[in-house]
Amino acid sequence: MPEQPRPRLGGTDGYRATATLQTGAGLMNEETMAGLTFALVEMRRVEGETPLVVIGYDPRPSGPRLERAAVAGAVAAGAEVIRMGQTPTPATFKTALEMGANASVEISASHCKPEVNGWKGALGSHKPFGPQVDEISDRYWANTDSGLTIPLDLADKVPERPEFTEAYINMVVADMEREFGERPLEGKVFVVDAANGAAMNVTPKVMERLGATVHTYACDGDRPINEGSGATDLEGVKGFMRRNPHIVQDRNFVGALTHDGDADRYIGVGARIRRGGEMEFSDLEGNRVMELRAKGQPGTVGTEYTNDASVNRLRRGNIFRRGKVPFEFCSNGDVNVTNALRGHANDPIPWTRGSEYTGHHVDLEWLSSGDGVRTGVWTACYAAQKGTTFAEICKKLPLWHQAEFKIVLAKHISGVILDHPRVAEGRQAASAELEQAGGRHVTRISGTEEGVVRVWASSKKRKITDRVAGELVSLITLYGQAPHRGPIDARIRSI
């Protein structure tokens, strides 16, 4: 009987799974975290040189024990370790860049639920992709088959180094003051929602050192990470502002900054009080932030989910009466944004900035992956310098309607459902109809969640967008019927 292929432990943003105390290869447990880190260091070893590895984690229940295992794996592979402790992913990767580390690891599942955890391994500070992910996974399985065991107590002699997180905070502050002047947020008022995640003791400090008055939500760890808070659940911070209208009523209020659990993502929230006392919100999400950051750039990159209203404004050159900015689409995932930008490295003026609508923003002059802390603080400083608010920025940058669905199917069905003749026919018909309305759709298998198919559509016409997207979901659901299929989590998100 042929040997079953081993699962690939990695994707566009590392390896994620439900954390478990159960032993066994390939599970989200200590032995897998130690083994993956060992494999990464082994791959990055330079002959005659002791590798340097930077390791951090976000505050979910399984984090400390899985981080300990990752440290043990690095030590077992012969590495020196900077053990940052609880810290955002961008702080781990930026420290690796500044220290010239061979590798870095963040134990985090980003925006996922608290019971899920993940391993984000990087080549120095650069996320692996394609063949590099395969090599790390293959090395892990080869070492497992050879009987490699890693004593976890190897980690116990490696101390945590919180001073490196403090150094990262200082780097962000210095970077903002270079661009915007000393204490550019002086007198301004903000809310920070860190999703009870890794940036809850980072972003507020940065903002305060730049002069801001900061009100915090989900920055005290009183609830599980990402629960009812953060960049993937904006209703949390909006509810906080409704309960505290005096914050929004302050004439110096600018907006709210939100992160996901590991703070590689940022989305702003604008708020204002309408006549009659009703509070109105607007989302300064990835499309709009991309436009702000693209001004004056030689070009910018966005994923296939980028809103076409933003793309058209960039290409026409009417963003706040500035010049045209060339725009290029790429596949979903910030590693794909990075690779697309690197494709312009030899242009007369290299492209350095690109974005995902979900709030991952890449600036190659800073880091090759998303830094939600720096991007969020940048938009705060930009708004303060212009004397505007997040709400006003959103008003000036209207977006086309989007419909977004997430469909959960059995894993073996989700992998082939888009090739089903009737589904393929429906996708083609959807493309033709949306094109007539000036729009398009993206239907794909998720790169980070097993068994998930995502449907996204956008056009100038709300009714057509919602109907076409709904028809695609119905087709995929109908032909994706299988025993033990997971529940459907479908929703329409209006912008």
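Mentor: Some conventions come before the features. This is a predicted model, in which local features need pLDDT of at least 70 and side-chain atom pairs count only at pLDDT 80 or more, while totals for chains, interfaces and linings use all residues. Residues are numbered from 1 along each chain as its sequence is written, and side-chain values use heavy atoms, with hydrogens and water left out.

Trainee: How many salt bridges does the model hold, and what is the rule?

Mentor: Side chains of opposite charge can pair when their charged atoms come close. The rule asks for a side-chain nitrogen of Lys or Arg within 4 Å of a carboxyl oxygen of Asp or Glu. By that rule the count is 32 salt bridges. One of them joins the side chains of Asp-13 and Lys-120, at 3.2 Å from N to O.

Trainee: Where in the chain do Asp-13 and Lys-120 lie?

Mentor: They belong to distant parts of the chain, 107 residues apart: Asp-13 is in the segment before strand 1 (15-18), and Lys-120 is in strand 5. Helices (H or I, at least four residues) and strands (E, at least two) are DSSP runs, numbered from the N terminus. Both Asp-13 and Lys-120 are buried; the term means under 20% relative accessible area, with exposed over 50% and partly exposed in between (1.4 Å probe, protein chains only). Asp-13 and Lys-120 are also linked with Arg-16, Lys-127, Asp-262, Asp-264 and Asp-334 in a network of salt bridges.

Trainee: Which parts of the chain does the pair Glu-42 and Arg-139 tie together?

Mentor: The side chains of Glu-42 and Arg-139 form a salt bridge at 3.3 Å, N to O. Glu-42 lies in helix 1 (residues 30-44) and Arg-139 in helix 4, so this pair ties together parts that are 97 residues apart in sequence. Glu-42 is partly exposed because its relative accessible area is 29%, and Arg-139 is likewise partly exposed, at 27%. A further salt bridge joins Glu-280 to Arg-274, with the closest N and O atoms 3.5 Å apart. Glu-280, at 28%, is partly exposed, as is Arg-274 at 38%.

Trainee: How is the packing of helix 15 and helix 16 described?

Mentor: Two packed helices are described by the angle between their axes and the distance between the axes. Helix 15 (residues 421-436) and helix 16 (residues 462-479) pack at about 175°, with axes 10 Å apart. The axes are lines fitted to C-alpha atoms, for helices over the stretch in contact, and angles run from 0 to 180 degrees between N-to-C directions. Helix 15 and helix 16 are therefore roughly antiparallel (over 145 degrees; under 35 is roughly parallel, 65 to 115 roughly perpendicular and the rest oblique).

Trainee: What is the phi of Ala-218, and what is that of Asn-226?

Mentor: Most residues other than glycine have a negative phi, and most peptide bonds are trans. Ala-218 has a positive phi, near 55°, and Asn-226 has a positive phi near 70°. Ala-218 lies in the loop between strand 7 (213-217) and helix 7 (235-243), and Asn-226 is also found in the loop between strand 7 and helix 7. Ala-218 counts as buried because its relative accessibility is 9%, and Asn-226 is buried with a relative accessible area of 9%.

Trainee: Is Ser-125 buried or exposed, and which residues does Ser-125 touch?

Mentor: Ser-125 counts as buried because its relative accessibility is 5%. Ser-125 lies in the loop between strand 5 (116-123) and helix 4 (131-145). Not counting residues up to four places away in sequence, Ser-125 touches Phe-93, Ala-96, Leu-97, Ser-104, Leu-367 and Ser-368.

Trainee: How many disulfides does a search of the whole structure find?

Mentor: The search finds zero disulfides, a disulfide being a pair of cysteine sulfur atoms within 2.5 Å. For Cys-394, the nearest cysteine sulfur is that of Cys-381, 17 Å away. Cys-394 is buried, with a relative accessible area of 5%.

Terms used:
Contact = heavy atoms within 4.5 Å.
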